[in-house]
Amino acid sequence: MGTIRLKILRYLALVVVGTLVCACAAEVRNIAPPVALNEAQLLGLESNKIRFWGDEVPKDLERIVAEAQAERKKAIANGTAPKPSDVENILAISGGGSDGAFGAGLLNGWTKSGKRPTFKVVTGVSTGALIAPFAFLGSDKDDLLREFYTQHSTKDIVKPTIVQGIFGGAALSNSTPLAQLIAKYIDRATFDRIAQEHRRGRRLLVGTTNIDAQRSVIWNMGKIATIGNDSALKLFRKIILASASIGGAFPPVKIDVMINGQWRQELHVDGGTTDNIVLLPVQINISIFDKGRKKKPKRRIYILVNSHLNPEWKATEATAINIASRSIATLIKHQTIGDVRKLFDFSKANKIEFNLATIPKDFKETSKEAFDKNYMTKLFRYGEQLGTQGFPWSKKPIYQ
């Protein structure tokens, strides 16, 4: 995962041609001050109605739980949702750049195996945020995942702006191509279906990083979809773009918020900057979600990591750029390992069955560019084959 992010930066550096241009000044914005979430408004709502910090228990957690339970009861009463199951399945999808092809392939294969469950909660970060809406909606969206991760390459995702980035710009590339792809795949029909599933008591969550605050933000994407207007659809797409916007490589995404009657702007980047896998703040005791229920369900969490977690030996040339690149790649790998262990401990504390999938170490292919179509296609097919055969999910946070 870290390797893929670094390939993006290095690829962009290699494509520079022509002469240097004038320095570019950073864009001016009306910066949002450090205020409580409920002091800002988004889409006419207090922003804590549609998001919360990823590193602390929401102060209005009981309201969040009560709202979900009320929606579920209403959906059951009007026949749009089945009665509560004895088992609740959760899917958390990590970041990983083009290695998201593994997760997309595994989900396709899981469908073919006939054993893929319906998930009550789906979460995603970075490339996982691109996968999550379709995993949330179910197997009939598998073809879109196949298309996204096997039919596109670097030129379809980013447009290099390396010179502007060096001389004061926000990033080394322009993410307009990725934004256009997100708009293509998250169309109005998909948006409306996500709203329907939210009203049935299911939840779709996406993580970003508020770079000013240096904190993880978890967005309730289904709640945004229920608002239903064009502004909500635009925000939905911007959050996914932000979650996938690797800091420095892609421009940060500006989120407009209303504070004390004035429009301000937050900057959001890759959710993996703070947490490469998200679920809920780990301080939460999951039993709060069982209040008023006659029987506590059995819960299973499936953590889909779009990267190798095992150590990968590589001879590193002793140059500043190579040492820095290898160091950052190692840091990101170990951050992801830490996130997995954190969720393992959370699962044990809350008696949730733990299941982990990572790219097995016997997959040896390498990519030649940031988003190498041939590499992604091979990785997708590899994941699909494993999913079809029945992936051996690990019950502990160990290397595959």
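## Backbone and helix features of a predicted model

L43 is partly exposed, with a relative accessible area of 29%. The model described here is predicted. L43 is placed in the loop that joins strand 1 (40-42) to strand 2 (45-46). Although L43 is not a glycine, its phi is positive, at about 55°. As background, most residues other than glycine have a negative phi.

N260 is also not a glycine, and its phi is positive at about 50°. The loop between strand 10 (253-259) and strand 11 (262-270) holds N260. With a relative accessible area of 73%, N260 is exposed, since the cut-off for that class is over 50%.

| Residue | Phi | Location |
|---|---|---|
| L43 | about 55° | loop between strand 1 (40-42) and strand 2 (45-46) |
| N260 | about 50° | loop between strand 10 (253-259) and strand 11 (262-270) |

### Helix 3

Helix 3 comprises residues 100-113, a total of 14 residues. From its first C-alpha to its last, helix 3 reaches 20 Å, close to the 20 Å expected at 1.5 Å a residue. The buried set consists of G100, A101, F102, G103, A104, G105, L106, L107, N108, G109 and W110.

Which elements are included in what covers the buried residues of helix 3? Among the strands are strand 4 (87-93), strand 12 (298-304) and strand 13 (353-357). Helix 4 (127-137), helix 5 (142-150) and helix 13 (373-389) are likewise included in the cover.

### Packing of helix 8 and helix 11

Two packed helices are described by the angle between their axes and the distance between the axes. Helix 8 (residues 176-185) packs with helix 11 (residues 230-243) at an angle of about 135°, and the axes are 10 Å apart. Helix 8 and helix 11 are therefore oblique to each other, and their crossing is right-handed.

On the side of helix 8, the contact involves L178, A179, I182 and A183; these meet R237, I240 and L241 in helix 11. By class, the residues of this contact comprise six nonpolar, no polar and one charged. An α-helix has 3.6 residues a turn, so residues three or four places apart point the same way.

Definitions and conventions: Residues numbered from 1 in each chain as written. Predicted model: local features only at pLDDT ≥ 70, side-chain atom pairs only at ≥ 80, totals over all residues. Heavy atoms only, no water. Axes fitted to C-alpha atoms, helices over the stretch in contact; angles between N-to-C directions. Helix = DSSP H or I, 4+ residues; strand = E, 2+ residues; numbered from the N terminus. Parallel < 35°, antiparallel > 145°, perpendicular 65-115°, else oblique. Left-handed = near helix turned anticlockwise from the far one by under 90°. Contact = heavy atoms within 4.5 Å. Nonpolar A, V, L, I, M, F, W, Y, C, P; charged D, E, K, R; others polar. Expected span 1.5 Å × (residues − 1). Buried < 20%, exposed > 50% of the residue type's maximum accessible area, 1.4 Å probe, protein only.
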